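User: I'm new to this one and would like to learn how to read it. Could you walk me through a few features?

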Amino acid sequence: MRMFLRSKEGEREITGVVTSVTLRGEYRSCCRSLDFGIVHSSADKRTWVVEIHVGDQIRMIEKDKVLFHGVVWTKNKRTDGNEIDFTCNDFGIYLKKNKGSYVFSKMTPEAIVKKVCGDFGIQTGKIASTGKAIKRNFLGVNLYDIIMTAYTVANDKKYFCEFQGEKLMVLEKGVEECTPLESGINLLTANVSETLNAMINRVRVYNKEDKLIREFQNEEDSKKYGYMTEIMRVTDNKEDFTQKAKKLLHRLDRKITVTNLGDVTYKTGRKVRVKEPYTGLVGIFYIDEDSHNWKNGIYTNRLVLNFENMMDEKESGNDGKK
């Protein structure tokens, strides 16, 4: 792993003064973050070999592959320590930090992405194609929510955003498969937790006169765990509330965390086969969160896995009917 600083003075390698590095990604975030520290003591000017400022750019490379390219967002410098800590965000942060207002009529999500990114000077790479035109109005909505809303309403497939270098990619989630993880080979630890805290297995829908008009239920979960009921009210009896009610149903939450020997290909949005008999993790799982850590010459991953292929669904704006 090698790291480079890009500033107004040009680009230079800083690998030699870096103490530790953690690279993170999460499926509900449009940007990956990079935390790192450099050797720098207030009492020893011999360590003052590099100066990094907020707004400078950092590139991280592994075997000629760019793992991260982004902006120094936060800098923490103190007198009672021997290093300076930095947090960087890749260019996905600008999808969150910029808002736009648009009226889209019969445009596909892929066309919307190119329009929005073109207006804000954001480069694009591979953009998933749906072929379905949608109608949506946005007023003061951040660019990430605009993009994810367009793909949410287009079809039932799962998508996610990521930046590769300076280019935005919109990819179908769970298509690319990583090298399998297996105990005794490359899987180090596994932890599985289950909870009923957020379960909703019955939704009762009432009209404006407080009359029960429909009920949705997960019968299997209701019999097994008992009723956990949510109430939904509609003001218009003609309103199609089915989809909204079904989205309220929530099953058992399982959180799966594994650590493994470091591999740059284990990234959010991919899937991986796991074989760990003690916890019962056998099968295909989806990577919802990834963390890559380099410290003292050791490289490891920490992954949050999911049985289900989840998407960061958004419903910003409106379809113009209201």
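Predicted model: local features only at pLDDT ≥ 70, side-chain atom pairs only at ≥ 80, totals over all residues.

User: Which residues does Asp 312 touch, not counting residues up to four places away in sequence?

Analyst: Leaving those neighbours aside, Asp 312 touches Tyr 27, Arg 28, Tyr 144 and Met 148. You'll find Asp 312 in the segment after β21, the strand covering 298-306.

User: Is Asp 312 buried or exposed?

Analyst: The idea is to look at relative accessible area, where buried means under 20%. Asp 312 has a value of 9%, so it counts as buried.

User: What joins the side chains of Asp 312 and Tyr 144?

Analyst: Here we look for pairs of N or O atoms within 3.5 Å. The side chains of Asp 312 and Tyr 144 make a polar contact of 2.7 Å.

User: Now the whole chain. How many helices and strands are there?

Analyst: The protein chain has 5 helices and 21 strands. Its C-alpha trace spans about 75 × 50 × 40 Å along the principal axes, and 44% of its 322 residues are buried.

User: What share of contacts between residues at least 6 apart in sequence join residues at least 24 apart?

Analyst: That share is 62% in the protein chain.

User: And how far apart are the mean positions of the positive and negative charges?

Analyst: They are 3 Å apart, taking 54 positive and 46 negative charges.

Conventions:
Residues numbered from 1 in each chain as written. Heavy atoms only, no water. Helix = DSSP H or I, 4+ residues; strand = E, 2+ residues; numbered from the N terminus. Buried < 20%, exposed > 50% of the residue type's maximum accessible area, 1.4 Å probe, protein only. Contact = heavy atoms within 4.5 Å. Lys, Arg positive; Asp, Glu negative; His and termini not counted. Charge placed at Lys NZ, Arg CZ, Asp CG, Glu CD. Polar contact = N/O pair within 3.5 Å; in protein donor to acceptor, adjacent residues only side chain to side chain.
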